[in-house]
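Biologist: I have the sequence and the model open. Can we go through a few spots together?

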Amino acid sequence: MDPDGARSPSSEASARDARRQALRDAPVVLVSACLLGEACRYDGRSQRSERVLAALDGKSVVPICPEAAAGMGIPRPPVDLSGGTGVDVWAGRARALTRETREDRTEAFQDGARLALDAARRFEVPVALLKEKSPSCGSQRVYDTGVLRPGEGITTALLRADGRTVVSDEDL
Ligand code: SF4
């Protein structure tokens with residue numbers, strides 16, 4: 001890392017390679033349901049990814065949509081992090097707020113993250129493959145009050161804190 005905490009391009013690349021290898025080695029993977037074709041996004045659409053489906057060929061898959069699992073509904077108002085990343089939310093320094101009306105959805109997002117962690121533990125999942133830029137599932141970049149910044153979402157932060165590897169769909 002350089003003095004301001006940012007990673008050099010070469011260390012970014014080796015970290016990405018390590019995540020890809022962890023995914024290749026994992027017999028069972030927790031996956032953002034929207035990447036598998038579930039229409040569970042906030043706008044009622046899916047984010048089906050052929051690259052994701054190819055990467056999961058031959059593996060057992062545990063689908064999860066933390067936001068739908070927490071009962072936030074489909075469709076639902078879009079939410080941004082406010083004041084930091086998913087790590088900051090768990091530390092009480094940031095919140096999850098609806099983009100338009102700034103209603104606080106932090107507790108529901110944390111409930112969804114706990115359900116994802118429950119599933120990961122129940123099925124002994126070492127690796128999650130999650131959708132980038134989501135306030136729940138992002139692992140490299142998330143929106144903080146409308147601005148894309150480095151960091152992870154609320155579910156990713158909890159899975160990492162439990163020792164699990166989170167791979168981004170953009171790593172593939
Ligand atoms: S990114 Fe995560 S929370 Fe958002 S729709 Fe996909 S699975 Fe659900």
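Biologist: In which helix is R19 found?

Modeller: Keep in mind that this is a predicted model. R19 is found in the helix that covers residues 9-25. That is helix α1.

Biologist: Is R19 buried or exposed?

Modeller: Buried means under 20% relative accessible area. R19 is in contact with Q140, T165, V166, V167 and D171, leaving aside its neighbours within four places in sequence. Its relative accessible area is 11%, so R19 is buried.

Biologist: What is the relative accessibility of A26?

Modeller: A26 has its place in the loop between α1 and β1. Leaving aside neighbours within four places in sequence, A26 is in contact with K59, P126 and V127. A26 counts as buried, because its relative accessibility is 3%.

Biologist: How far apart are the C-alpha atoms of A26 and Q47?

Modeller: Along the chain, A26 and Q47 are 21 residues apart.

Biologist: How far does helix α5 reach from its first C-alpha to its last?

Modeller: Helix α5 covers residues 106-122, which is 17 residues. At 1.5 Å a residue, the expected reach is 24 Å. The model comes close to that, at 24 Å.

Biologist: Which residue just after α5 takes a positive phi?

Modeller: Within α5, buried residues include F109, L117 and A120. Just after the helix, phi is positive, at about 50°. The residue is E124.

Biologist: Which residues come nearest to the ligand?

Modeller: The ligand sits in the largest pocket. Its shell has seven nonpolar, three polar and four charged residues. Of the 14 residues around the ligand, the nearest are C34, C40, C65, E67 and C137.

Technical notes
Residues are numbered from 1 along each chain as its sequence is written. This is a predicted model: local features need pLDDT of at least 70, side-chain atom pairs count only at pLDDT 80 or more; totals for chains, interfaces and linings use all residues. Side-chain values use heavy atoms; hydrogens and water are left out. Helices (H or I, at least four residues) and strands (E, at least two) are DSSP runs, numbered from the N terminus. The expected span of a helix is 1.5 Å times one less than its number of residues. Buried means under 20% relative accessible area, exposed over 50%, partly exposed in between (1.4 Å probe, protein chains only). A residue is near a molecule or strand if one of its heavy atoms lies within 4 Å of it. On a 1 Å grid over the protein atoms alone, a cavity is a set of points where a 1.4 Å probe fits but cannot get out, and a pocket is an open set with protein on both sides within 12 Å along at least five of seven lines; lining residues have an atom within 4 Å of a point. A molecule sits in a cavity or pocket if more than half of its atoms lie within 2 Å of its grid points. Ala, Val, Leu, Ile, Met, Phe, Trp, Tyr, Cys and Pro count as nonpolar, Asp, Glu, Lys and Arg as charged, and the others, Gly among them, as polar. Contact means heavy atoms within 4.5 Å.
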